[in-house]
Amino acid sequence: MSIQLTPVLLPVTALALAGVAGSALATQYLTPEQAQQQMFPEANQFRAQPLQLNGEQMKQVEKLAGLPARSVSWRVVAAYKDEKLLGYVVLDDVIGKFELISYAVALQPDASVRQIEILTYRESHGFEIRNANWRKQFVGKTAAGLSVGEGIANISGATLSCTHVTDGVRRIAAVVQVALRK
C-alpha cells in the first residue's frame with residue numbers, strides 16, 4: 001500500500017518533519033548550575049543577581065561592544081567564596097544558523113572572561129565550538145579583544161556558531177564592564 005500526499009499536505013508534512021528533526025538534535029551538556037560550579041569550583045555560594053540596564057548603560061554597552069545591547073535584562077549569578085566575590089556567571093542564548101545555542105560566560109570582577117561553557121547546542125553542524133581549545137581563546141579577554149579573526153579563530157563548518165557566540169561573549173563582557181565591574 002502506498003500513501004499519496006496531496007500538494008496541500010506536503011508543506012504541513014514538511015513542517016512537521018522539520019520540527020521533529022530540529023528538536024532531535026538538541027544536546028544539553030550542562031545545566032546552568034553545573035556550569036557555574038564547573039567555572040567557579042572554589043565558590044561555596046552562588047547568588048542570583050538579575051541585572052537591569054538603564055538607557056545610559058545600554059548606550060555604553062553598544063559603544064563598547066560595537067553591537068546592539070539587545071536586552072535590558074540579564075541573567076547573572078554572582079559566585080562567592082565566603083563573602084569574597086569571585087566573579088559572575090552570565091547566562092545567554094544566541095542563534096546559531098537556525099537554532100539557539102545556550103551558553104554561560106564566567107567573568108572575573110574586572111570583567112575579563114574567565115571561562116565559557118556551551119550548555120545546550122541544537123544545530124546539526126558547528127558543535128565544535130564546544131571544544132576546549134576553541135573556548136580557551138576567550139580566557140583573559142575583555143570586550144575590546146573579542147572578535148572572530150582578531151583574537152578568536154573561526155572553525156570551518158561552524159562559522160555562524162563561532163561568530164554569534166563570540167559576539168554574545170563580547171556583549172556580555174561589555175555588560176559586566178559597564179554595570180558590574182569592581
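Buried residues (under 20% relative accessible area with a 1.4 Å probe, protein chains only) make up 41% of the 182 residues in this chain. The model is predicted, so to speak of local features takes a pLDDT of at least 70, side-chain atom pairs count only at pLDDT 80 or more, and totals for chains, interfaces and linings use all residues. Residues are numbered from 1 along each chain as its sequence is written, and side-chain values use heavy atoms, with hydrogens and water left out.

The chain has five helices and seven strands, which are DSSP runs numbered from the N terminus (helices: H or I, at least four residues; strands: E, at least two). From the N terminus on, they run α-β-α-β-β-α-β-β-β-β-α-α.

Now for a pair of helices. Helix 3 and helix 5 pack with their axes 9 Å apart, at an angle of about 130 degrees. Axes here are lines fitted to C-alpha atoms over the stretch in contact, and angles run from 0 to 180 degrees between N-to-C directions.

| Helix | Residues | Contact residues |
|---|---|---|
| Helix 3 | 55-65 | Q57, Q60, V61, L64, A65 |
| Helix 5 | 159-179 | R170, R171, A174, V175, Q177, V178, A179 |

Next, Q137. Its place is in the loop between helix 4 (132-136) and helix 5. Q137 is buried, with a relative accessible area of 18%. Leaving aside residues up to four places away in sequence, Q137 touches G151, I152 and A153.

Key
Contact = heavy atoms within 4.5 Å. Buried < 20%, exposed > 50% of the residue type's maximum accessible area, 1.4 Å probe, protein only.
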